[in-house]
Amino acid sequence: MRILVVEDDVNLNRQLSDALKEAGYVVDQAFDGEEGHYLGDNEPYDAVILDIGLPAMDGITVIEKWRAGGKGMPVLMLTARDRWSDKVAGIDAGADDYVAKPFHVEEVLARVRALIRRAAGHSSSEIVCGPVRLDTKASKASVDGVTLKLTSHEFRLLSYLMHHMGQVVSRTELVEHMYDQDFDRDSNTIEVFVGRLRKKLGVDLIETVRGLGYRMQAPTDAR
Amino acid sequence: MRVRFRTIGPRSLTARVLLLATAWSALALVVISIVISQLYRQSAERAFTDLLRAQLYNVINSITIGSDNQLSGSPQLGDLRFSQPETGWYWIIEPLGTFAARPLSSSSLGTSNVSVPSILAVPFNNRYERFYPANDAFGNHVLVAETEVVLDGEGRAARFRVSGNLAVVEEDIQAFTRSLYIALAVFGLGSLVVNGLAILYGLQPLDGARRALERVRRGEAERLEGEFPREIMPLANDINALIESNRRLVERARMQVGNLAHSLKTPIAVLLNEARLLDKPQSELVRSQAEAMQAQVQSYLSRARIAAQRESLLARTDIEPVLERLVRVMRRLNPDKEFHLSVSPPGAALAMEQQDVEETIGNLLENAARFCETGVWITATPASEPQQEGDALRRTWVEMTVEDDGPGLEPDQIREAMKRGTRLDESKPGAGLGLSIVREITSEYQGMFKLTRGPRGGLMARLLLPGVTKSAA
């Protein structure tokens, strides 16, 4: 899962990014509205954390531009101006949720998780695919109740596939959502990770759709 | 800063103008009465003197020296007072020098006489006449006109005197003065009434300005409206300028409050989260201190906001659009929950700043959405019951409820929840200031805020907020 953090305060940006990375997300950082807008416009993010009071371009304008350009990723708005008129303005511009400053990073993480789940159509914090359970809150996965030992890359891969259960996900899409913008991307490595993950899961839930990518679905749904 | 005027005399303008006008009228009337009565006295006395002189020459013309070398003749003065006794109206003819004749006098004098002052005491004038006051034998105060006339070629002469009773003049003057005083008193009272009416009429526009200002203060008008006379127009313009500058001040204060919030909240967020990385005791200390700072910032921001709101003069917010906006946001944030909104009558308005309505209902909605099972119910209806004390001047009231179908709160939990910064459920996000902000705003508008258990078993917030009267609407 790839997250964009747009916050002009360097320390707060770092804290948010570190916490998100710790929770298994891939994070890109932007420190002003223009940079944030550019990244959001050109990279596929699973969620954006966006401060409202930004230099160069304010957060409300950034969201409006994204939405006008057809970008639908969930946006969590950070606001120091916690008046309701500000919240209403943010939501009306297209934000999906807000957190008032000052906040605990855990709260932001919980909101981001919920936004990503909601965007993928899951209401519970636990996503289930046959015997496989993904606990988004604890960043853990298990098969038949036995916790899996996954590397961060494997976890991201599993998490993305489970969030998009039943959908065909291309290798490029997986690369884009598993690595940050500075990473030297190679879609061949994805095959390696998928192979490892299949082994660790022990059940064949990840189907290769020739020429298109991968699809994960519960055995009962499989053709 | 308060500008003070030092004033002398009464504080009422009407009283001042009336006092000055009355003082001036009274002084003028006193002076006029003195001058007129003095002039009348002079004129009455001159007429009296002229009458006496005319009578004197009548007497002289009617007297000759007869063949018996006695004074002869009987003056016909056409005035009965010369023939009735002791009237003070006399004529007296007395021979002078060697002319030995019997003196003559009017029958009114009888056998008495009127004393003659020496020439030195009362000299003759250039017409060889002299006038002097005297008392007759009957106690009458009289004025005597006297002259001496040579009656024939032998040089025999006589002193002619005619007297008139001064009481006549005095009575005349007194009668005149009485009438004068009555006339002036009527005039004085009349001008007092006219002055009063003129002042009331003249000050009427001031009263109009006061009423216009009252409407502004009550939030029924944005500025002083109406046609004012030339003298008051600058004042009305200045007041309007003051209202406008006040509005701008409030606006600026709010903007600064927002800026302050932004500038303090980010560093506090950084501190709060950096504390996670420290060892346990230090981490707890920094975190608790940062939270205390956060609570202080929130508390002072809300106070500043309420203070700014107190200064604002005009407040009117249509209920339905504001609630619809808030509900739209809540639906977006909580797509799995239902929000039911009912406002009656449609078009109802609150006598509150929009921002305060948003803060109040928004915080309650946020709490309700956080704890509800399936949905939140919001209603606004005209309040039917009589309100708290001091309500006589107030307008109508609107009762608003925000109810959820969550677990609700026990009475002692409700008491706890109303305290500033209390969070009953640490597992749910939030700073815990929502309810105390709601309480502060409602009390600022003399409204009411209560938490109870609703009919659906969850928490129900009941608010009584000032509505806008029909006349103001």
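Begin with helices H6 and H7 of chain A, where H6(A) passes H7(A) in a right-handed crossing. The model on display is a predicted one. Select residues 152-163 for H6(A) and residues 171-178 for H7(A); the two helices pack at an angle of about 120°, with their axes 10 Å apart. Because angles of 65 to 115 degrees count as roughly perpendicular and those over 145 as roughly antiparallel, that angle makes H6(A) oblique to H7(A). Now show the side chains at the contact: H6(A) contributes His153(A), Arg156(A), Leu157(A) and Tyr160(A), while H7(A) contributes Leu174(A), His177(A) and Met178(A). By class, this contact has 4 nonpolar, 2 polar and 1 charged residues.

Next, select residues 33-42 and 59-68 of chain A, which are helices H2(A) and H3(A); their axes come within 10 Å and cross at roughly 20°. That angle makes H2(A) roughly parallel to H3(A). The crossing of H2(A) and H3(A) is right-handed. On the H2(A) side, the contact is made by Gly33(A), Gly36(A), His37(A), Gly40(A) and Asp41(A); facing them from H3(A) are Gly59(A), Thr61(A), Val62(A), Lys65(A) and Trp66(A).

Widen the view to the whole of chain A, which holds 8 helices and 12 strands. Of its 223 residues, 46% are buried. Among the contacts in chain A between residues at least 6 apart in sequence, 59% join residues at least 24 apart.

Then turn to the nonpolar cores. The largest has 114 residues, and Ile3(A), Ile49(A), Leu50(A) and Leu76(A) touch the most other members. Helix H5 of chain A (residues 105-120) gives the most to this core, with 7 residues. Centre on Ile49(A): leaving aside neighbours within four places in sequence, Ile49(A) is in contact with Ile3(A), Val5(A), Val6(A), Leu16(A), Leu76(A), Leu78(A), Val108(A) and Val112(A). For the second, separate core, move to Leu52(B), Leu71(B), Val144(B) and Phe160(B), which are among its 21 residues.

Proceed to the interface, where 23 residues of chain B are in contact with 21 residues of chain A. On the chain B side, select helices H3 (233-274), H5 (319-333) and H6 (354-371), each of which supplies at least two residues. H3(B) gives the most to that side, with 11 residues. The chain B residues that touch chain A divide into 9 nonpolar, 7 polar and 7 charged.

The last stops concern backbone geometry. Most peptide bonds are trans, and most residues other than glycine have a negative phi. Select Lys101(A) and Pro102(A): a cis peptide bond joins them, with omega about -10°. Pro102(A) is placed in the loop between strand S5 (97-100) and H5 of chain A. In chain B, the bond from Ser344(B) to Pro345(B) is also cis, and Pro345(B) sits in the loop between strands S9 (338-343) and S10 (349-350) of chain B.

Finish with two positive phi values. Phi of Ser139(A) is near 55°; this residue lies in the loop between strands S7 (132-135) and S8 (140-143) of chain A. Ser139(A) counts as partly exposed because 18 C-beta neighbours lie inside 10 Å. Phi of Tyr128(B) is near 55°, and Tyr128(B) lies in the loop between strands S4 (104-105) and S5 (129-135) of chain B. With 10 C-beta neighbours inside 10 Å, Tyr128(B) counts as exposed.

Key. Residues are numbered from 1 along each chain as its sequence is written. Chains are lettered from A and ligands numbered from 1 in the order in which they are written. This is a predicted model: local features need pLDDT of at least 70, side-chain atom pairs count only at pLDDT 80 or more; totals for chains, interfaces and linings use all residues. Axes are lines fitted to C-alpha atoms, for helices over the stretch in contact, and angles run from 0 to 180 degrees between N-to-C directions. Helices (H or I, at least four residues) and strands (E, at least two) are DSSP runs, numbered from the N terminus. Angles under 35 degrees count as roughly parallel, over 145 as roughly antiparallel, 65 to 115 as roughly perpendicular and the rest as oblique. A crossing is left-handed if the near helix is turned anticlockwise from the far one by less than a right angle, and right-handed if clockwise. Two residues are in contact if their C-beta atoms, placed from the backbone, lie within 7 Å. A residue is buried if 20 or more other C-beta atoms lie within 10 Å of its own, exposed if 12 or fewer, and partly exposed in between; C-beta atoms are placed from the backbone. A nonpolar core is a set of buried Ala, Val, Leu, Ile, Met, Phe, Trp, Tyr and Cys residues joined through C-beta atoms within 7 Å. Ala, Val, Leu, Ile, Met, Phe, Trp, Tyr, Cys and Pro count as nonpolar, Asp, Glu, Lys and Arg as charged, and the others, Gly among them, as polar.
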